[in-house]
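Me: Hi, could you walk me through this structure? I'd like to ask about it piece by piece.

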Amino acid sequence: MISAYIPIAIFVVVATGFAIFTLVFTSLIHPEKYNKVKLEPYECGIEPATDARDRYSIRYYLIAMLFVIFDVETVFMFPWAVIFDQLLLFGLIEMMVFIFILVVGYYYAWQKGALEWV
Amino acid sequence: MNHYLSLILFLPLAGALLLLFVPKQNDDAIRWIANIVAGLGFVLSIPLWFWFNPQDPAFQFVERAPWIPSIGADYFLGVDGLSTLLILLTTLMGSIAVLSSWTAITERVKEYYVFLLVLQTGMLGAFMALDFLLFFLFWELMLVPMYFLIGIWGSANRLYSAIKFFLYTLAGSVVMLLGILALYFYNHSQTGVYSFDVTLFHTLNLPENLQWWLFLAFFLGFAIKVPMFPFHTWLPDAHTDAPTAGSVILAAVMLKMGTYGFLRFSLPILPEASRAFVPMMVVLCIIGIVYGALVALAQKDWKRLVAYSSVSHMAMVMLGMFALNPVGITGSIIQQLNHGISTGALFLLVGVVYERRHTREISEYGGLSKVMPAYAAVFLLMTMSSIGLPTLNGFIGELLILQGVFVANKIWAAFAASGVVLGAAYMLYLYQRTMFGKVDNPKNEHLADLGPREFATFAPLIALAIWIGLYPAPFLRRLDTSVQHIIARVSPQYNERAASAECVSVPTPELMAASPGGQFLAAAPCGPDGKPLTPAAAGAASAVPPPVPAATTGQVSSPQAAAQGAR
Amino acid sequence: MPPGISLSDFYYILPEIVLTAGALVLLVVDARLPRGSRALTWVTMAVLLATAVSLVPFRNTDVEVSQGLLAVDQFALFFKVVFLVAAAMTVLMSERYLQVEGASFGEYYFLILCSTLGMMIMAGSIDLISAFVGLETMAVSFYILAGFIKPNQRSNEAAVKYFLLGAFSLGILLYGMSILYGVSGTTNLRTMATVFVGHERNPLLVLAVILVVAGMEFKIAAVPFHMWAPDVYEGAPTPVTAFLSVGSKAASFAMLLRIFVEGLPSMDADWRLLFEMLAIVTMTVGNVAALTQSNLKRMLAYSSIAHAGYLLIGVVAGTPRGISAMLIYLLIYSFMQLGAFAVIVMMRRKDVVGDELKDLSGLYHRQPFAAFAMLVFMLSLGGIPPTAGFMGKLWLFGAAIDAGYVWLAVIGVLNSAVSLYYYLRIVVFMYLKKETIGSEPTLSPALTLTLGVAVAATLVLGVYPGLLFDLAEASARTLGASGVTAAIR
């Protein structure tokens, strides 16, 4: 029972050991020379134009959250679709109920002006 | 007639509810209603004195109805001689307290009377309840109104005193509640019945181990209320800061809850433990007697002095009770009444001068007998009653207690007697400082003497003091069966001997004074047919089966030996 | 229809379906109505009423739904009634508060309904999965509700604290649950109980018990997992605090009972010991900490911690009597706690926050009824007859004595004596002080109704609790009535 986990244990030890070894070994042998370019954040080879901590409109977050919510719900539909041939009508009704609840939420967000870009 | 007790019990509560509908500003109407209700309560309870049958050992005027059927709790009321007398004391003192507040309370009048009347119901209920849970309900019901009476209408340090009173009493009673629950479950394990019926508990024979714990639990609840020596510290504060009526009720009635609890619950339910704890109780009582008296002697505050005298007197009551013989217990009960009458009156008397001068410092007074002769006369009478002067009530109680204690143990009696002497000392010293001498404080020169209303509050107390002092037989007769019932449980050897001895009709003081040593104590009171009233006969008459003699009793030759043997 | 699911399953979860549908209707109505319309309060009340009515057909049923995901029995029913009553009282007291705070009604009521739904699922679940889903539904709703007053920093702080610690505790709970699943191979509590018989010494199981206990202790705010409670209770909107301290606590106790009494009866030696110690510590710490508080909501938070300790006594006893005592106490506790918070809601005016002890000063002269109500609640919380709190405590401590835990009962009653000190402080301010602060507090009809119901229930159940005792007894007997639990009892 426990012996089945031995390969995993070996893997964990080797992986950790490799990481530690690399870090320690390179820090021992590498030269320490810094310049301005080296310390800059690497951004697709282009020099950063402004500060990264800029202010976005709060609407971005709202839209992003709505997107995430409805996007994640889609995930539920994949397994449902896979076994739809077993669920048949029952499954269809269930999914309709599920989507209906989502639609109510969507409707609510819409009516409350969450989608309007002022 | 079936609901007679309920009527007495709920009349004050109904009065309180009625008061809620009277407009706040209408002070006089509120006072009239409260007085009428309280007076009516007393009048209503008077027939109890006549209708109560002293020969019937069972509880009388019994009312019983299911209350919480699923746990076996009943609405179960009933009285015996002990509770009859205490109920009468309560209704009397309640109406006196209400009457005495007419001019003393000028603000928040409505709430004041509501609280007083609710308190009255709580006290009456505790004396009437024969269901342990119901008893506890009323017992706790008293706390809240009293808390407000002290906290709102009290003097300088009222908040502190009120909360101290509340928490002390509560801490004791919650532990008692656990005792009640333990008893309840033990009873179920023995009889298979869920019940809080006290009469049923009176027939239980609990294992000694359990009895010990239960006794300690009950002790905490009742001893704090009495209050016995180490738990007495709430009392001087509460008494001192309470308004006059509050002190009167507190002293005259509420302290009796504790002693009543011992008599009704601890002794008959836990006889073996009661015997076993006699030494502890006696030591605490003796400390209480002497300590209370000595501290009273040193007081500068008039009310505090009376409060400490209460500690001493109540310790005396407890000592008589724990002599565990008929005379001692009878004396203990009589002394409870006496304490209610005399200490109640003393607090009223303090209230009278406090209302005029707004100070309780003894040094502020002096020579009052010249300014207020009637007041001084009443005060003298009550002082004498408190000291225990023959022909007044205090004498009867103290004599019976001393006799009971003497039979049990002569050394205890010596200590108890010292309490009587010290009692005389502090009371006479107080009297001397306040009443005699010159009127050297100009503020005292024009104090008004007792008015008719004030005199009306004292008149019944004076009458009672003299009545008990001269002719206590009616009181003693009513206590016979109650005391017998307790004795049958806690000291059955007295009843064994009673079978061979002649019976005594009533333990009058003359008879007791005439009987040398403990001879008289061996005799039981007479039943209706002139034969000695044994618990067996009592058991046949009531639902209570005859108690089983405790294992410790053998052929005991003297009460002293019995008390020793029980230890 | 797939195997294992039948139409009757949907019949048995009718109350939950009604509540969900009602919540959706509420959302739509809110979207259509002008902002701040008070009609929403009555829509919410109607939804709760409809849910309550839909409980009626199930008053005597005892079935398992969906292959043992949910149980529809009297135990669940009792709790569902408690939740609905608590939710209704919360809604009634919320209207005024939200108006004063200028917050919107719609989402608020929706979230209240959602958390109620979560609670109902928790009370009914006899499966770790459904229990956890219910718990999450409730918890997430409360995270948002705690921070509902957006401009208020305290409210935000409460939400963040509650969320972080809540998520943390859920992690611990889940870890314990996963071990239980790993050892037993099932998530169904009743099956689990039979699997575990004879495995009492398995160290993994002991670890799982400890983890689940820790996770649940967070939810019921028992010491030493109580640190979030005072901050969250103080910062959250007052009606939410009320609902949190009553509904969330009751639901967590229901789930706790399901897990330990139905799922782990064979491990009772372990969890009883744990709960015994936790009960002692919780009662004592809660009461002692409450002694020094000057903020009412914090004081009631600590008092509610102490009450969790009292309730744990019932778990320790573990007998039907102990469990019925818990049910009785939870219902009684709902009334007195919600009532007390309703008074604090009343104290919230435009110019006064009203949750400091001194704000109550002189309340008796300004609002005699509210002061009287608060007096009743304080006495009841302290366990003074003739209030319901006394009957509840009587039966809890009675159960402890009956089960042989006398010391637990002794500590319990001494604690309740201590607690009277701070409950009476509130009374002192209301009745014995005269100087007043701020504008006159007023009662709205809804608040009067809330207070009236709470006072009436507290007094009536205190004087005549017979019916409640019977109901609770019957409900407690259905918990784990069949199978291993019954055998072990």
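Below we go through the chains, their contacts and the confidence scores.

Me: What should I know before I start reading off residue numbers?

Reply: This is a predicted model; local features need pLDDT of at least 70, side-chain atom pairs count only at pLDDT 80 or more, and totals for chains, interfaces and linings use all residues. Residues are numbered from 1 along each chain as its sequence is written, while chains are lettered from A and ligands numbered from 1 in the order in which they are written.

Me: And what are the ipTM and pTM of the model?

Reply: The model has an ipTM of 0.88 and a pTM of 0.86.

Me: Which pair of chains has the most contacts?

Reply: Two pairs of chains touch, and chains B and C make the most contacts. A contact here means that the C-beta atoms of two residues, placed from the backbone, lie within 7 Å. Chain B puts in 25 residues and chain C 26 residues.

Me: Which helix of chain B gives the most to that side?

Reply: Helix 7 of chain B, with 13 residues. Helix 5 (132–141), helix 6 (143–153) and helix 7 (158–191) of chain B are the elements that give two or more residues there. Helices are DSSP runs of H or I with at least four residues, strands are runs of E with at least two, and both are numbered from the N terminus.

Me: What classes of residue does chain B use to touch chain C?

Reply: On the chain B side there are 22 nonpolar, two polar and one charged residues. Nonpolar covers Ala, Val, Leu, Ile, Met, Phe, Trp, Tyr, Cys and Pro; charged covers Asp, Glu, Lys and Arg; the others, Gly among them, count as polar.

Me: How many residues of chain A are in contact with chain C?

Reply: Nine residues of chain A are in contact with six residues of chain C. The chain A side has six nonpolar, two polar and one charged residues. Chain A and chain B do not touch, and their nearest C-alpha atoms are 46 Å apart.

Me: Switching to chain A itself: how many helices and strands are there?

Reply: Chain A has four helices and zero strands. The radius of gyration of chain A, taken over C-alpha atoms, is 26 Å, well over the 13 Å that the globule rule gives for 118 residues, so chain A is more spread out than a compact globule. That rule is 2.2 Å times the number of residues to the power 0.38. The C-alpha atoms of chain A fill a box of roughly 65 × 60 × 20 Å along the principal axes.

Me: What domains is it divided into?

Reply: Chain A has domain 1 (2–39) and domain 2 (58–111), with bounds from an automatic or database domain assignment. Taken over C-alpha atoms, the centres of these two domains are 43 Å apart.

Me: How much of chain A is buried?

Reply: Buried residues make up 0% of its 118 residues. Buried means 20 or more other C-beta atoms within 10 Å of a residue's own, exposed means 12 or fewer, and partly exposed is in between, with C-beta atoms placed from the backbone. In chain B, 61% of the 567 residues count as buried.

Me: Can we look at one helix in chain B, say helix 17?

Reply: Helix 17 (residues 373–387) of chain B has 15 residues and reaches 21 Å from its first C-alpha to its last. That is close to the 21 Å expected, where the expected span is 1.5 Å times one less than the number of residues. Its buried residues include Tyr375(B), Phe379(B) and Met382(B). Helix 14 (302–321) and helix 15 (326–357) of chain B are among the elements covering the buried residues of helix 17. Gly388(B) follows the helix, with a positive phi near 100°.

Me: And Ala208(C), is that buried or exposed?

Reply: Ala208(C) is buried, with 25 other C-beta atoms within 10 Å. Ala208(C) lies in helix 9 (residues 203–220) of chain C. Beyond its neighbours within four places in sequence, Ala208(C) is in contact with Gly176(C), Ile179(C) and Leu180(C).

Me: Last topic: where is pLDDT under 50 in chain B?

Reply: One such stretch is residues 500–508 of chain B, and another is residues 510–567 of chain B. pLDDT is the predictor's confidence in each residue, from 0 to 100. Where pLDDT is low, the predicted coordinates should not be read in detail. The mean pLDDT of chain B is 84, and that of chain C is 89.
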